[in-house]
Amino acid sequence: MLECNGKVLAVTGPVRPSDAKLRRAQALAYSSGVALRIARELISQKLTAQERVARHKLLYSTTADAIARFKADLPAADSIASIRLIEAQGASNYWSAWRTLPINFPKKDVHRVPEHWRGFGARISPVSGSARLAANPPNAILNYLYALLESEARRAGCLPRT
């Protein structure tokens with residue numbers, strides 16, 4: 001369930017007994033260093049994909065090179081906070097490459113579409129100062145899809161392994 005602002009309100013799934021070993025491993029992940037290794041790997045994969053999109057789809061090699069430099073800093077990151085900072089720096093560069101991407105509407109409807117809807121624009125909303133409360137369709141769609149992804153990830157994290 002999503003709230004009207006896109007925040008995940010509740011996630012449901014099949015009712016099964018909890019996997020005690022999985023729960024224990026999740027609880028100990030932070031103190032054992034496993035969480036840091038997982039975070040590093042996930043953000044590494046994310047930055048790799050962002051670099052690839054920037055270089056090969058958006059054709060912004062300067063942005064792709066900047067993202068690659070941030071990714072190179074990951075092995076030395078010694079805390080979740082430092083990994084999040086690297087992720088944020090990469091994301092800032094990545095989304096700046098999308099800023100001028102045109103959004104196409106059917107020709108018969110273009111006269112009814114506000115000018116700020118005709119381009120991707122900033123990932124940060126002028127309404128909220130963050131990605132929340134998007135001010136144009138592409139960013140609203142991304143917010144919706146990220147909320148679905150969050151709910152699926154939460155659900156997957158709660159299900160026992162089969």
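Helices (H or I, at least four residues) and strands (E, at least two) are taken here as DSSP runs, numbered from the N terminus. The model is predicted, so that local features need pLDDT of at least 70 and side-chain atom pairs count only at pLDDT 80 or more, whereas totals for chains, interfaces and linings use all residues. Residues are numbered from 1 along each chain as its sequence is written, and side-chain values use heavy atoms, with hydrogens and water left out.

**Loop residues**

Leu133 lies in the loop between H4 and H5. Leu133 is not a glycine, yet its phi is positive, at about 55 degrees. Its relative accessible area of 42% makes Leu133 partly exposed; buried means under 20%, exposed over 50% and partly exposed in between, with a 1.4 Å probe and protein chains only. Leu59, in the loop between H2 and H3, also is not a glycine and has a positive phi of about 60 degrees. Leu59 counts as exposed, at 67% relative accessibility.

Phe105 belongs to the loop between H4 and H5 and is partly exposed at 25% relative accessibility. Contact means heavy atoms within 4.5 Å. Neighbours within four places in sequence aside, Phe105 is in contact with Val110, Val113, Trp117 and Arg118. Between the C-alpha atoms of Phe105 and Leu74, which are 31 residues apart along the chain, the separation is 40 Å.

**The nonpolar core**

A nonpolar core is a set of buried Ala, Val, Leu, Ile, Met, Phe, Trp, Tyr and Cys residues joined through side-chain atoms within 4.5 Å. The largest such core has 20 residues, and those with the most contacts inside it are Leu47, Leu74, Ile83, Ile86, Trp95 and Trp98. Two or more residues come from each of H2, helix H3 (61-72) and helix H4 (80-98). H4 gives the most to this core, with seven residues. Trp95 is in contact with Phe120, Arg123, Leu142 and Tyr146, leaving aside its neighbours within four places in sequence.

**Helix packing**

Two packed helices are described by the angle between their axes and the distance between the axes. Axes are lines fitted to C-alpha atoms, for helices over the stretch in contact, and angles run from 0 to 180 degrees between N-to-C directions.

| Helix pair | Angle | Axis distance |
|---|---|---|
| H2 and H4 | about 15 degrees | 10 Å |
| H3 and H4 | about 170 degrees | 9 Å |

H2 is therefore roughly parallel to H4, and H3 is roughly antiparallel to H4; angles under 35 degrees count as roughly parallel, over 145 as roughly antiparallel, 65 to 115 as roughly perpendicular and the rest as oblique. The contact of H2 with H4 comprises twelve nonpolar, two polar and three charged residues. In the contact of H3 with H4 there are six nonpolar, four polar and no charged residues. For these classes, Ala, Val, Leu, Ile, Met, Phe, Trp, Tyr, Cys and Pro count as nonpolar, Asp, Glu, Lys and Arg as charged, and the others, Gly among them, as polar. On the H3 side, Thr63, Ala66, Ile67 and Phe70 meet H4 residues including Ile86, Gln89 and Gly90.

**Buried serines**

Ser44 is in helix H2 (residues 34-57) and counts as buried at 19% relative accessibility. Apart from neighbours within four places in sequence, Ser44 is in contact with Lys71 and Leu74. Ser151, in helix H5 (residues 137-158), is buried at 13% relative accessibility. Beyond its neighbours within four places in sequence, Ser151 is in contact with Val8 and Val11.
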